[in-house]
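Please look at the model shown below.

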Protein chains: 2
Amino acid sequence: MKTKIREFRKEQKITQEELASMVEVTRQTINSLEQGKYNPSLELAYKITKALNKNKIEDVFIMD
Amino acid sequence: MKTKIREFRKEQKITQEELASMVEVTRQTINSLEQGKYNPSLELAYKITKALNKNKIEDVFIMD
DNA sequence: CCGCAATGTAAAAAATATATTACATTTTAT
DNA sequence: ATAAAATGTAATATATTTTTTACATTGCGG
């Protein structure tokens, strides 16, 4: 599973830390997700999608 | 978080057990999800969405 | 170049999802 | 009405995500 979190986060000009606080996780969680280290919970995926101003989860998370 | 798993599963006329095996989890996992008992992983949410012939995760899982 | 902000990384703990097993209840078909 | 299938539920075990803490590296503004 890949993600466009980093790409969209940079478009919005926010840091990992800022995104993390918007979605109420730690910076390390965002960092690991950006690097595709695991599979987030649906709720987290959803919050991140909204924080990045996208409408579909699939816009941000690309499944294999 | 609510889900339409049950509704769509019945439309497709498949059992919890069949859906479970399609997405490679146990029946109890499907059962608990149908009852909104927790928050699945993104990958599982995605597999279920596809197994139910929907295209967006948000078609199946309704966030609050 | 220097210093600070942002990011990468890693180990261990905590929290949560999923599996396993087993049994009870409800639904469906005959 | 009965049997079989489907679903509900619960306890414990295992796996995975997320946190915490701490430090290292990279990148950027002055």
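## Surface near DNA strand C

Three elements each supply at least two residues of the surface near DNA strand C: helix 2 (16–23) and helix 3 (27–34) of chain A, and helix 3 (27–34) of chain B. Helices (H or I, at least four residues) and strands (E, at least two) are DSSP runs, numbered from the N terminus. Helix 3 of chain A gives the most, with 3 residues.

There are 17 residues around DNA strand C. Thr15(A), Val25(B), Thr29(B), Asn39(B) and Ser41(B) come nearest. Near means that the C-beta atom of a residue, placed from the backbone, lies within 6 Å of the molecule or strand. By class, this surface has 4 nonpolar, 11 polar and 2 charged residues. Ala, Val, Leu, Ile, Met, Phe, Trp, Tyr, Cys and Pro count as nonpolar; Asp, Glu, Lys and Arg count as charged; the others, Gly among them, count as polar.

## Model and numbering

This is a predicted model: local features need pLDDT of at least 70, side-chain atom pairs count only at pLDDT 80 or more, and totals for chains, interfaces and linings use all residues. Residues are numbered from 1 along each chain as its sequence is written, while chains are lettered from A and ligands numbered from 1 in the order in which they are written.

## Surface near DNA strand D

DNA strand D is surrounded by 17 residues. The closest are Val25(A), Thr29(A), Tyr38(A), Asn39(A) and Thr15(B). Helix 3 of chain A, with helix 2 (16–23) and helix 3 of chain B, are the elements that give two or more residues here. Helix 3 of chain B gives the most, with 3 residues. The surface near DNA strand D divides into 4 nonpolar, 11 polar and 2 charged residues.

## Contact between the chains

Two residues are in contact if their C-beta atoms, placed from the backbone, lie within 7 Å.

## Relation of the copies

A rotation of 180° with 0.0 Å of shift along its axis superposes chain B on chain A (RMSD 0.0 Å). That is the relation of a two-fold axis. The same surface serves both copies: 100% of the contact residues of chain B recur in chain A. The superposition is by least squares on the C-alpha atoms of residues with pLDDT of at least 70 in both copies.
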